[in-house]
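Dear colleague,

Please read the notes with the model open.

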Amino acid sequence: MFTETFVAALLLGAVTAGIPLLLAGLGEQISEKAGVLNIGLEGMMLAGAYAGFAVAYHADSFALGFLAGGAAGLAAAMLMVLCCVIGGMNQIVVGIAITLGAEGLTALEHHFAFSRSYPRLPKAETLPVPGLSELPVVGRAFFDHPPLVYLAVLLTFVMVWIYRRTHIGLNLQAAGDRPAALDAAGVGVRTTRALAVLSTGFLAGVGGAYLSAVGGGLFLPFMTGGDGFIAIVLAMLARGRPTWVLLGAFLFGISLSLTTALQVAGVNVPTDVIQMLPFAMVIVVLVLFGRNSRLPPALGLPYRRGVR
Amino acid sequence: MSAAELVTGAVRILLPVLLALVAGGLVLLAMGADPLAYYGYVVERGLLSRTGLEASVTRMAPLLLIAAGLIVAFRAGLWNLGVDGQFLLAAVVVAALAPALAPAVPHWLMVPVCFAVAFAVGAVWSVIPAFLKAVHGINEIIATLMMSFLGVGLANILIKLVFFDPATTVPQTATLAVEDRLARLGATTVHWGVLLGVAAVLAVHWLMGHTALGLRLQIVGSSPRAAIHAGINLRRLTFVAFALGAGLAGVGGAADVMGVHGTVQADWNPAYGILVIPLVFLARFNGWGVIAFVFGFAVLMIGGESAARRVGVPTFFVLVLVALLLLFLAVVEYLDHERRRRRAA
């Protein structure tokens, strides 16, 4: 069963399925660090998935599609900023509203724009890394992807640098751990959190656009199917470390790509079983390592100056 | 309660509904549909026609039972967002059990056994999130959502591999004979599961307001730390609140299967759970309010299903309305809070 083709298909699929999780997970991590629990992540991904697909389809450009996806995620995040960061409303209620609203709106839009047809995009052009992409098995799986994939992996390490070495990183951390201290230091808590949530929305949107435009090559209503929630778990378990999000996204990517890989290998497993794998993995991970998941003390609480 | 308070109360409840309907109308306009025709059709088919009204009232049964469970969980401060998995898993188990039991035991025994099993299935499906919350302090939103996806998947596997009826081509469970289903009320098509739902909501309302258990759950909900100081066994109560909430959702699944469908087909997932959440919030966890809102929502669902065929607006629109409702609810709540704060200051 573990033939070369099987492993190659599995790894390739894992990268394709893992990239949306990586982008959304890195995004969610920024929000969580800053003290905002972004339950609307699933909705932001879905908004990005539809906008990304629609623009890539009409403009015939993947790059514009990704940007449009990011913009759609940003728009959804703007709602979160207005309601939760500025208004101090319940983050969970607004998050659920964003997810439900995005589910309904994208499905409606798709219905009115495409009726019952599901047009496909051409295969995205890849940028093979010279030399490395010639390697057996891992070459095609890791080094022959659209540029966005390398950018997403690179972003992981940029985030490490931001968190460790820059003031922005410290401000984000403080906004989640001790918002009052950040305020006293003369940095706006709301501004910091607003920027964090907007970054989250953009990244989740781009992740969603990758899912629809490159991963599937088409848009289906509700196509994120829980990816946003898995990304939230990734961010929770990574405890603020971007590299863990990368590793986790790849592991979940493997479990997501197992269906296709097994079909390539000719093994017949009911798709329901495979589809349950990532969620079962989350539960197992939570039961085993849940004690270690760490969330900032001020997570989920709106900040009001002078109010304790 | 003074007249002024009554008015503000009514505004706080009705304003979000009104705003959501207006904003939803704008969405319809933007999509090129006629909002007045849509809403008119919804009311006509969901409320004003006899078959529509009966269908709406019938639809209330699962929604009310889910709502009853959510009241318990939310009052105890627990975000059980995994209702769909609990509901569907219990529905599938009952769909397999009821047709097997019906020929063997009398109807008056079969029905309670099925409801009890459904309650147990739903409750069992909440044990892991309850454990994670009570012991590890892990956010229950994520855990219940994951368990919900797992529950839906497991329900489908059970239908396709274990409980399938060999006589049908589409994978589905054996069908419960019409005479073995929950009895109808008078000359209507409404089954008595609706009364069970109303009773469950009122019972929960009473439980939370008038019993020691309800009081303890509310203390846990408003301040877990205060609960520990009051000598309340936080862990045990977390398990109890989860089990009650999830069990009632399971009973909702059983009522829908034994009252309406008689079987569960593969990949059937009405996803009622997430839709009932805003109604429970809107009613501020008040049982009577919940019943009223569930009725209104059932009309919207049934009318919306007809409108999908006639006016050409897919049922996805109901999701948009629910999202708008939640959003405006949060906005109105926020404005009310600000107003009070300013008055106090």
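A residue is called buried when its relative accessible area is under 20%, exposed when it is over 50%, and partly exposed in between (1.4 Å probe, protein chains only). By that scale Leu203(A) is buried, at a relative accessible area of 13%.

The conventions come next. This is a predicted model, in which local features need pLDDT of at least 70 and side-chain atom pairs count only at pLDDT 80 or more, while totals for chains, interfaces and linings use all residues. Residues are numbered from 1 along each chain as its sequence is written, chains are lettered from A and ligands numbered from 1 in the order in which they are written, and side-chain values use heavy atoms, with hydrogens and water left out.

Back to Leu203(A): helix H9 of chain A, residues 189-216, holds it. Helices (H or I, at least four residues) and strands (E, at least two) are DSSP runs, numbered from the N terminus. Setting aside residues up to four places away in sequence, Leu203(A) touches Leu23(A), Ala24(A), Leu26(A), Gly27(A), Ile30(A) and Leu155(A), where contact means heavy atoms within 4.5 Å. Arg241(A) is 38 residues from Leu203(A) in sequence, and their C-alpha atoms are 17 Å apart.

Chain A as a whole has twelve helices and two strands, in the order α-α-α-α-β-α-β-α-α-α-α-α-α-α from the N terminus. Its radius of gyration is 19 Å, close to the 19 Å that the globule rule gives for 308 residues, so chain A is as compact as a globular protein of that length. That radius is taken over C-alpha atoms, and the rule is 2.2 Å times the number of residues to the power 0.38. Of the 308 residues in chain A, 56% are buried. Among contacts in chain A with a separation of 6 or more, 78% join residues 24 or more positions apart.

Regards
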